[in-house]
Amino acid sequence: MSLRCLFLVQGEGRGHMTQALAMQRLLTEAGHEVVGAVVGTSDRRAVPGFFLEKLQAPITFAPSPNFVADANRRGVRPVKTVLRELGRVPSFLRGLSVIDAAIEQHEPDVVVNFFEPLGGAYTAWYQPAVPFVCVAHQYMFHHPAYAFPAGQRLDRWGARTFAHITAWGASARLALSLYPAEDRPADRLFVLPPLLRDEVLSRPIGPTEPFFLVYILNSGYAEEIIRWHEDNPAVPLHCFWDRPGAADVEHHDATLTFHQLDDVRFVDMMARCRGLVCTAGFESVGEAMYLGKPVQVVPVDNHYEQQCNAHDTVRAGAGIRSTSFNIDRLRRYREDYAHDVEGFRAWMQSERDRYVREIERAVQRSAAVHLASASSAVTT
């Protein structure tokens, strides 16, 4: 049976969007169709052009919650975020209407939600008949094998609660992980490797060139990169960011170049670089592990989820964590990097069919529940 699939995609960062692109490819190969997508947006960050160009389906946009950045565009301000987002509730209600209109227009058999928080609010408010399958690494927060950083119990509760809200009423949660862990069918929680695109999966482990690759979620970190570079001008750096109004490529000097987000260029450079330095996003770490590149992660200030990702990166043997973009640490760490690249790649390839299979099973379970409910109603 061919499924009509509607995507909900969080527009913060690039990870959820590249996951959606990878999932579309898998679903299409399996004979299913992505009929549309709703992308949650804010005034803080624009949706990258590569996503708009490559998602082969109609896209609509919905106002969605997002963090408030600090004055330097480095960290986030949790209290101000909560206060501002409470004042935006009417716009979020309009966002729920956008999702409802998309479901009515496209008549999907399943909605696949890539950690868009409006998805959980929609299922709670509208109680749709169509099943929802939620995909994100944050659902590992609900797995007993996941290890949180020590302390910060309130932040831990908040992260787990937020992840639960995004998957409210979901038929299945696909928890993306940097390492294998057992499924928990009773909790509708299924553990899978990072959902990487074919552009990454098709890359062999090739020769290394002398530059380091940098990815910064918030463009305010660029000043720190520049300061380190001025002390180490002989070390070539290529840095990707999403600074509004910046050119596609900006040459700071002969050995430091800034690039706007571009999925093809980023993957190409990661395959050739000596190592990756990045804010602690899950997707970039998964790509680096697959390509055999050591990682130095720098969690965004006041961003607990990034601290969790950094802790998980070290636990998985992918790299080191830092509080600053001091690339000297990664240069030293490269000598001790011993990640089992071939084992990780084999695990990724062995699980490739499961993403679609779990979505198909979720639809079948939902159909069986509705059938049983209808039969019970008739009998009564």
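**Figure 1. Burial of helix H10 (residues 282-291) in the predicted model.** In this predicted model, the buried residues of H10 are Phe282, Glu283, Ser284, Val285, Gly286, Glu287, Ala288, Met289, Tyr290 and Leu291. Helix H10 is largely enclosed by the rest of the structure, because ten of its ten residues are buried. Gly292 follows H10 and has a positive phi, near 75°.

**Figure 2. Packing of H10 against helix H13 (residues 341-350).** The axes of the two helices, H10 and H13, come within 8 Å and cross at roughly 115°. H10 and H13 are therefore roughly perpendicular to each other. On the H10 side, the contact is made by Gly286, Met289, Tyr290 and Leu291; H13 contributes Val341, Phe344, Arg345, Met348 and Gln349. By class, the residues of the contact of H10 with H13 comprise six nonpolar, two polar and one charged. Gly286, Met289, Tyr290 and Leu291 of H10 are also listed among the buried residues of that helix.

**Figure 3. Packing of helix H5 (117-126) against helix H6 (residues 153-166).** The axes of H5 and H6 lie 6 Å apart, and the helices pack at an angle of about 60°. H5 and H6 are therefore oblique to each other. Pro117, Gly119, Gly120 and Ala121 of H5 meet Phe162, Ile165 and Thr166 of H6 in this contact. The residues of the contact of H5 with H6 include four nonpolar and three polar, with no charged residue.

**Figure 4. Lining of the second largest pocket.** The volume of the second largest pocket is about 320 Å³. The pocket is lined by 18 residues, of which Pro131, Gly169, Ser171, Arg188 and Ser366 are the closest to its centre. Two elements, helix H5 (117-126) and helix H14 (354-379), each give two or more residues to the lining. H14 supplies the largest share of the lining, four residues. The lining of the second largest pocket consists, by class, of ten nonpolar, six polar and two charged residues.

**Figure 5. Buried face of helix H8 (residues 222-231).** Within H8, the residues Ala222, Glu224, Ile225, Ile226, Trp228 and His229 are buried.

Figure 6. Gln260 counts as buried because its relative accessibility is 17%, and the cut-off for burial is under 20%. Apart from neighbours within four places in sequence, the residues in contact with Gln260 are Phe240, Trp241, Asp242, Arg243, Ala246, Ala247, Asp248 and Arg265.

**Figure 7. The chain as context for the close-up views.** The chain contains 14 helices and 14 strands. Of its 380 residues, 56% are buried. Among contacts between residues at least 6 apart in sequence, 67% join residues at least 24 apart.

Definitions and conventions: Residues are numbered from 1 along each chain as its sequence is written. This is a predicted model: local features need pLDDT of at least 70, side-chain atom pairs count only at pLDDT 80 or more; totals for chains, interfaces and linings use all residues. Side-chain values use heavy atoms; hydrogens and water are left out. On a 1 Å grid over the protein atoms alone, a cavity is a set of points where a 1.4 Å probe fits but cannot get out, and a pocket is an open set with protein on both sides within 12 Å along at least five of seven lines; lining residues have an atom within 4 Å of a point. Grid points are joined across faces, edges and corners, and a volume is the space filled by probe spheres set on the points. Ala, Val, Leu, Ile, Met, Phe, Trp, Tyr, Cys and Pro count as nonpolar, Asp, Glu, Lys and Arg as charged, and the others, Gly among them, as polar. Axes are lines fitted to C-alpha atoms, for helices over the stretch in contact, and angles run from 0 to 180 degrees between N-to-C directions. Angles under 35 degrees count as roughly parallel, over 145 as roughly antiparallel, 65 to 115 as roughly perpendicular and the rest as oblique. Contact means heavy atoms within 4.5 Å. Buried means under 20% relative accessible area, exposed over 50%, partly exposed in between (1.4 Å probe, protein chains only).
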